[in-house]
Amino acid sequence: MLTWIWNTFRAAGSEDARRKVIVALQSLLFSLETPDDTLHRFGHMNLQTATVQVGMNLGLFRHLVEASEPLAVDRIAEKTKAEPQLISRLLRYLAAIQVVGETSRDEYTANQTTRNLTEKLPASGLTAPQYQCLPDLLKQTGYQTPVDDAKTAFHLAFRTTLDPFSWFAQNPTYLADFHAYHALRRQPDATWLSVYPIETETAGWPADQPLYVNVGGGVGHQCAQFKEKHPNLAEALPTSGVENMAYNMFEPQPVIGAKFYHLRAVFHNHPPHKVRMLLETIKAAMKPESVLLVDEMVLPEENVNYMAASIDMTILAAFASMERTEAQWTTLFEDVGLRMVRTYTYSPLTYETVMDVRLS
């Protein structure tokens, strides 16, 4: 079994092969568990997340990574300004779950997991207390799919009546982490601009007409990429390059008749009834030549990977929303008088796809 796994990885050497090796190794590991092993693994998952978060808060992983040699507990305590006995106990547990390496008595070093945890992406995407409130939420709904975005596991976890985005606005530290996570979750070369035929679709488009509207664009990641990829087209916009415009996207779209209305990971943050509302507002602004570009995951009908399945459960807990298959997307568009013309998958491993949607 192990020989086959290793040979598969060496022969392919791709990201897809790497992930298949991880899944195969995990399957092998879990197949060796006793009932006690399985109970212990699930029962202490929250403890793993909690102690890793403590390590991040202390800068513990960064100190180990930056050190040129293993560090003693007393030295780590000095660097983190934490009590030596507490640091010893934390590191003992982190070494037991393979988050750091233990080189000798009271001496620790960085391993690959330690180095991974010094990157900003996991640091900003780790804490999610709404997961622990999901069982209570589903009991309250009678195990029906949550559809009320005013009553989610997020609300239970943070004891708020605000929707997540309003809550983020009042909690800037969490908001900064939210933006950082979305900015770094995807590498710049994995973008819809690498697969969608912009030049073909914009041929002959009048220079005095709006070209590209990024709805719900956060801090402008998509606009920046569009301008960088197509500087000649960006200059054709009525404004110089890109203009920020604040508005409620559930109210009438202020830019009428644009060529492209682009929404990146917007629909999956809203429950079905609000998704339909948003589609209706954009549809009302579209002309026959307009294209709605829906940039979201398009899940396969079977064998969904754990990352995508995890995101689906995360947004269920936070927003009463969902990820969708192509069939589910098609039905959603048809219900509001739109049609899906074609899909362009630009990140097969994460199912990220831009859908070309037009008026029926």
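Good morning. I begin with helix H7, whose buried residues are covered by elements that include helix H4 (45–58), helix H5 (60–66), helix H6 (73–80), strand S2 (101–104) and strand S3 (107–109). Please bear in mind that this is a predicted model.

Which residues of H7 are buried? They are Ile87, Ser88, Leu90, Leu91, Leu94 and Ala95. The helix itself covers residues 84–96, which is 13 residues. From its first C-alpha to its last, H7 reaches 18 Å, close to the 18 Å expected at 1.5 Å a residue. After H7 comes glutamine 98, with a positive phi near 70°.

Let me now turn to the packing of H6 against H7. The axes of these two helices come within 9 Å and cross at roughly 110°. Because angles of 65 to 115 degrees count as roughly perpendicular, H6 is roughly perpendicular to H7. The crossing of H6 and H7 is right-handed. On the H6 side, the residues in contact are Val73, Asp74, Ile76, Ala77 and Thr80, and they meet Pro84, Ile87, Ser88 and Leu91 of H7.

Strand S8, residues 338–347, and strand S9, residues 352–359, run antiparallel. How many bridges join S8 to S9? There are eight. Leucine 338, for instance, has leucine 359 in S9 as its bridge partner. Four residues lie between the strands of this hairpin, where tyrosine 351 adopts a positive phi near 65°.

Thank you for your attention.

Notes
Residues numbered from 1 in each chain as written. Predicted model: local features only at pLDDT ≥ 70, side-chain atom pairs only at ≥ 80, totals over all residues. Heavy atoms only, no water. Pairing = 2+ DSSP bridges. Expected span 1.5 Å × (residues − 1). Buried < 20%, exposed > 50% of the residue type's maximum accessible area, 1.4 Å probe, protein only. Contact = heavy atoms within 4.5 Å. Axes fitted to C-alpha atoms, helices over the stretch in contact; angles between N-to-C directions. Parallel < 35°, antiparallel > 145°, perpendicular 65-115°, else oblique. Left-handed = near helix turned anticlockwise from the far one by under 90°.
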